[in-house]
Amino acid sequence: MSYKNYFSFLLLVGACLLFGARAANACSCGPRPDVLNSYEEAHSVVVTRVISVEKTEKAAPPGRMSDGENYVGGVKSTKMLVERVFKGNLKVGEEITFGQGGGADCIWTFEEENIGQQFLFYLHTREKNPKVWHGFGCGRSNLLAQAREDLLYLNRLDKVRGRTRISGTIIKNDGEGDWSVEGRRIRINGEKKSYEVKTDEHGVYEIYDLPAGKYTIEPETPAGWKVNKYYLSTSSSFAPDRDAEVWKKIPIILEEKKHASLNIHFEIDNAIRGKIHDPAGKPLKDVCVKALKADSSKTGYHVDCTDLNGAFAITELPPGSYILVINEEGKISSKEPFKTFYYPNVFAREKATVINIGAGDHLAGFNIYAPLMEEIITIEGRFLYSDGKPVADETVAFVAEKTSDGIEGDARTSTDAQGRFSLRILKNLKGELFGQMYTYAGEYEKCPKLEEEIKRGGESHAELKTPVVEIQAAGDLQNVDLKYPFPSCRKAKQTQ
């Protein structure tokens with residue numbers, strides 16, 4: 001698939017979205033607030049235009065944070081002109097300065113390319129330097145062109161303040177498809193009455209004056225597309241229950257005199273599914289299959305790696321013609337003990353079978369057999385505590401000695417509920433096998449030996465490894481025990 005859309009009803013913790021100027025390179029955010037909450041909590045709400053950036057020769061290395069001396073993108077600060085004020089004491093025509101974010105601290109970072117761009121900012125009180133503002137990357141601050149839902153409310157504050165509102169935006173995740181975001185029907189189902197609205201030319205929908213309560217949002221779904229379930233939990237109004245079809249009738253909560261906001265991201269609904277086997281027909285786990293455009297030599301990003309049964313599913317492909325490549329990098333490893341090859345089991349790209357797929361197409365039955373493999377062996381055993389109880393759902397790893405031919409022999413797997421593991425590695429490798437788990441002080445109750453192991457590293461948390469077992473992988477190994485030098489303990493109760 002293009003990315004794993006693993007859906008959870010827990011609060012979203014993920015990377016902040018990046019809009020033109022970068023909110024952050026790596027920043028954890030919760031669900032996005034609605035317009036009303038953002039407005040009420042902000043010190044100032046303004047439209048600004050970037051007029052200049054202050055450059056410095058002390059640029060932070062790529063991927064590194066600003067440290068007060070070296071700055072992300074070589075930008076120390078950004079000057080903006082206030083063009084409109086919805087709230088606060090700033091004045092139209094006033095020039096204000098924005099400090100540069102750290103790169104991973106949820107503070108916006110800017111670059112020269114932002115000069116001339118307009119932004120809608122929900123600003124909060126300045127703390128360290130009263131002359132410098134900072135844009136918080138996890139809220140609703142955005143490029144002005146991407147803040148249509150906000151502007152529909154803010155431009156009519158005098159008329160709509162104090163009224164309930166349900167709103168959101170229809171978004172095409174992949175930017176593909178010949179359908180328009182304009183005029184899409186949105187059905188809003190309440191306990192006693194249902195309503196219907198249509199999106200405007202920007203894909204925005206809104207409705208006012210609905211009674212407080214629980215509603216479901218039922219969007220008109222374009223043929224061959226589906227609601228992206230992952231993005232539902234980015235909304236603070238999303239109120240999931242145990243309904244497995246929650247993305248067809250999406251539950252939200254509307255409070256008295258409040259707003260509810262739900263963006264609906266659509267993605268292409270299609271898939272190429274199959275299985276990968278070794279030459280003897282056994283399923284291969286953790287082998288990665290990538291879909292490449294048939295008419296291009298460029299690398300594709302739609303990829304999936306096989307599960308325990310050798311199955312893969314490449315999804316959300318823009319309509320077109322593709323070929324499947326297995327082990328694109330061509331490095332021999334314990335996971336992929338063969339060179340690059342293409343479906344249906346050929347080494348030459350020009351001999352690969354071309355697969356045509358459109359929106360809504362679900363193609364299955366692609367059984368792929370590795371045409372030639374290096375010999376592999378299997379190591380099986382158990383991961384245990386000193387009292388013989390299993391270490392369940394934790395990691396077993398094999399770290400191979402370096403080889404002159406650059407073979408990647410490392411491998412890892414997870415234990416089952418009984419602590420059992422099965423690991424496949426290249427034959428004749430030398431290396432170390434061990435079990436490991438991440439834990440922290442206080443995770444287990446009445447467990448002094450485990451606590452001693454954690455404190456030995458001088459931290460409140462640790463990745464604890466078992467004593468290693470030396471491996472010479474000449475043949476299959478069974479009944480290998482990996483054992484901690486401390487007994488099992490019961491997990492401590494989590495306090496709210």
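Visitor: Why is the disulfide of cysteine 29 and cysteine 138 left-handed?

Guide: The torsion about its S-S bond is about -65°, so the disulfide is left-handed; a disulfide here is a pair of cysteine sulfur atoms within 2.5 Å. Cysteine 29 lies in strand E2 (residues 28-29) and cysteine 138 in the loop between strands E7 (132-133) and E8 (142-143), so the link ties together parts 109 residues apart in sequence. Strands (E, at least two residues) and helices (H or I, at least four) are DSSP runs numbered from the N terminus.

Visitor: What kind of model is this?

Guide: It is a predicted model, in which local features need pLDDT of at least 70, side-chain atom pairs count only at pLDDT 80 or more, and totals for chains, interfaces and linings use all residues. Residues are numbered from 1 along each chain as its sequence is written, and side-chain values use heavy atoms, without hydrogens and water.

Visitor: Is cysteine 447 buried or exposed?

Guide: Cysteine 447 has a relative accessible area of 5% and is buried (under 20%; exposed is over 50%, partly exposed in between, with a 1.4 Å probe and protein chains only). Its disulfide partner is cysteine 489, which is partly exposed at 21%.

Visitor: Changing topic, which strands form the open sheet?

Guide: The order is E11-E10-E13-E15, with antiparallel pairing; strands pair if DSSP finds at least two bridges between them. Strands E11 (194-198) and E15 (250-254) are the edges, each pairing on one side only.

Visitor: How many bridges join E10 and E11?

Guide: Five bridges join them, and arginine 185 stands opposite lysine 198 in E11.
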